[in-house]
Amino acid sequence: DRMYVTNSKRLTSAGARKMMTTAIGIAEEARIAITVAIADAGGHLILLERMDGGRFHTVHSSTTKAVCAASNKRPTTAKGAQAQDLDTAHAIGLALAAGPERWTAMEGGYPIIVDGECVGGIGVSGGDWTFDDNVACKAVEAIGATWRIDTK
C-alpha cells in the first residue's frame with residue numbers, strides 16, 4: 001500500500017566524488033590540509049579523505065559534522081533542535097546526550113538537499129571555522145544541491 005512506502009532520493013557515489021574533488025581543490029589552492037567526510041541521509045559514511053599533512057583528529061570531527069548536518073538537515077552551529085542559541089554548557093550537554101559522534105556545535109557541516117529532501121551531509125575540518133564552513137557550502141553547491149531545506 002502506498003500509504004506505507006515512499007520513494008526517496010539517494011546521493012550517488014559520483015555525486016560524493018564531485019563534492020570531494022571540489023572541497024579538496026579549494027583546500028589545495030589555499031594550502032590548508034583538511035579532512036572531508038561525506039555521509040548519506042542515514043549518517044553512514046560514503047567518502048572520507050584526509051589530505052597529506054591533515055591532523056588525524058580531523059577525521060573524527062569532519063565525520064561528526066557530516067552526520068550532524070544530515071540528521072538536523074541544517075548547517076552545524078551552536079544552535080539546538082529548534083534553532084535556539086545554546087550556551088557552552090548546553091552545547092556540550094546536547095553533544096553528550098545525542099552522542100559525541102552524532103552532534104557537534106562546530107561549523108563546517110552542511111546537509112545536502114535535493115528537491116527539498118536531505119540526501120546526506122558533508123563535514124570539513126582542518127581550517128578555521130569560516131574556511132571549513134565555506135568549503136562545505138561550495139562542495140554542496142558543486143553538485144547543484146542546496147543546504148536549505150525550504151529551497152527546491
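## The β3–β4 hairpin

In this predicted model, strands β3 and β4 form a hairpin with 2 residues between them. One turn residue, D115, has a positive phi of about 50°. The two strands pair in the antiparallel sense over 6 bridges; pairing requires at least two bridges found by DSSP. β3 covers residues 109–114 and β4 covers residues 117–125. Helices (H or I, at least four residues) and strands (E, at least two) are DSSP runs, numbered from the N terminus.

V114 has E117 of β4 as its bridge partner. Strand β3 is mostly covered, with 5 of its 6 residues buried. Buried means under 20% relative accessible area, exposed means over 50%, and partly exposed lies in between (1.4 Å probe, protein chains only).

## Basis of the model

Residues are numbered from 1 along each chain as its sequence is written, and side-chain values use heavy atoms, with hydrogens and water left out. Because the model is predicted, local features need pLDDT of at least 70 and side-chain atom pairs count only at pLDDT 80 or more, while totals for chains, interfaces and linings use all residues.

## Salt bridges

Side chains of opposite charge can pair when their charged atoms come close. The structure holds 3 salt bridges. The criterion is a side-chain nitrogen of Lys or Arg within 4 Å of a carboxyl oxygen of Asp or Glu.

K9 sits in the segment before α1 and D115 in the loop between β3 and β4, so the pair ties together parts 106 residues apart in sequence. K9 is partly exposed, at 35% relative accessible area.

K65 bridges to D132, with the closest N and O atoms 3.4 Å apart. K65 belongs to helix α2 (residues 57–72) and D132 to helix α4 (residues 129–141), so this pair ties together parts 67 residues apart in sequence. Both K65 and D132 are buried. K79 bridges to D85, with the closest N and O atoms 2.5 Å apart. K79 is partly exposed at 29% relative accessible area, whereas D85 counts as exposed at 64%.

The model has 1 aromatic pair. Rings of Phe, Tyr and Trp (its six-membered ring) pair if their centres lie within 6.5 Å; planes under 30 degrees apart count as stacked, over 60 as edge-to-face and the rest as tilted. Y110 lies in strand β3 and W147 in the segment after α4, 37 residues apart.

Y110 is buried, at 6% relative accessibility. R148 lies over the face of W147, at 4.1 Å from the ring centre. That label needs NZ of Lys or CZ of Arg within 6 Å of the ring centre and within 35 degrees of the ring normal.

## Helix α1

The 18 residues of α1 should span 26 Å at 1.5 Å a residue, and the end C-alpha atoms are 26 Å apart, which agrees. The expected span is 1.5 Å times one less than the number of residues. G15, A16, M19, M20, A23, I24 and A27 are buried in α1. They cover an arc of only 160° around the axis, so they sit on the same side of α1. The arc is taken from the directions from the helix axis to the C-beta atoms.

The face turned away from the buried side carries the exposed residues T21, E28 and E29. T21 has 57% relative accessibility. T21 and A142 are 121 residues apart in sequence and 9.5 Å apart in space, C-alpha to C-alpha.
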